[in-house]
Amino acid sequence: GAVVSQHPSRVICKSGTSVKIECRSLDFQATTMFWYRQFPKQSLMLMATSNEGSKATYEQGVEKDKFLINHASLTLSTLTVTSAHPEDSSFYICSASRGEGFQETQYFGPGTRLLVL
Amino acid sequence: DAKTTQPPSMDCAEGRAANLPCNHSTISGNEYVYWYRQIHSQGPQYIIHGLKNNETNEMASLIITEDRKSSTLILPHATLRDTAVYYCIVRAYYGGATNKLIFGTGTLLAVQP
């Protein structure tokens, strides 16, 4: 299947700093990528849809100024958590959309575990 | 998008078939049924999807009822590595940014030795 990578796999940062997470589609181009967040023992929650060359679409309740998304190319989307606080500690997962019509499928990265001290 | 209902947990003996049910009684005609699974501390893995016909691939089979109100994911010979949370998701294809997946709580499948 298609391969999606994330970097870093885990990061620890101090409260108030910003953290950037990269999501790359390694063997296909993705005009659309998605960012999710998952707290312990909970399901994935969609944060935003990232579109190449345009602004991201955020889900209700997700602060766009806090979670900056940039989709600079067809293989790279970045999520920057600005002024991180302990409550932002979570598992962040991206996905990339491949194919069209019935064949359209999302492939997920391995996730980035963020711990804010 | 239509909501789905799945049992919170299931057990299965290693080597036996695992049958995971999903109810999606409010599904619309242009909505597909997708199955993903998430092994602990990893990103979700795509398994299979279908519209109205049964589908099979190297991982699993998907059986969708004729009225499309429910489906069953079948892992023919479960192994310990199949222990994971399985998500059944119904999603319409609109194209572009609106083809997002909304995850429910899924079914935790525990394969027992």
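This is a predicted model: local features need pLDDT of at least 70, side-chain atom pairs count only at pLDDT 80 or more; totals for chains, interfaces and linings use all residues.
**Pockets, sheet and interface**

Q: Which strand gives the largest share of the lining of the second largest pocket?
A: A pocket is an open set of points on a 1 Å grid over the protein atoms alone, where a 1.4 Å probe fits, with protein on both sides within 12 Å along at least five of seven lines; lining residues have an atom within 4 Å of a point. Here 14 residues line the pocket, and A:Ser54, A:Lys55, A:Ala56, A:Tyr58 and A:Ile69 lie nearest its centre. Two strands (DSSP runs of E, at least two residues, numbered from the N terminus) give two or more residues each: strand 5 (45–51) and strand 7 of chain A. The largest share, five residues, comes from strand 7 of chain A.

Q: What is the space in the largest pocket?
A: Its lining has nine nonpolar, 10 polar and two charged residues. Strand 8 of chain B gives the most, with three residues. Volume is the space filled by probe spheres set on the points, which are joined across faces, edges and corners. The value is about 530 Å³.

Q: Why is one side of strand 1 and of strand 7 of chain A left without a neighbour in the sheet?
A: The open sheet has four strands in the order 1-3-8-7, with antiparallel pairing (at least two DSSP bridges between two strands). Strand 1 (4–7) and strand 7 (67–73) stand at the edges, so each has a single partner strand.

Q: Which residue stands opposite A:Arg24?
A: Strand 3 (residues 19–25) and strand 8 (residues 76–81) of chain A pair in the antiparallel sense over six bridges. In strand 8, the residue opposite A:Arg24 is A:Leu76.

Q: What area is buried between chain A and chain B?
A: In contact (heavy atoms within 4.5 Å) are 24 residues of chain A and 25 of chain B. Buried area is the accessible area (1.4 Å probe) lost on being put together, summed over both parts. Carbon and sulfur atoms give 54% of a total of about 1800 Å².

Definitions and conventions
Residues are numbered from 1 along each chain as its sequence is written. Chains are lettered from A and ligands numbered from 1 in the order in which they are written. Side-chain values use heavy atoms; hydrogens and water are left out. Ala, Val, Leu, Ile, Met, Phe, Trp, Tyr, Cys and Pro count as nonpolar, Asp, Glu, Lys and Arg as charged, and the others, Gly among them, as polar. Buried area is the accessible area (1.4 Å probe) that two parts lose on being put together, summed over both.
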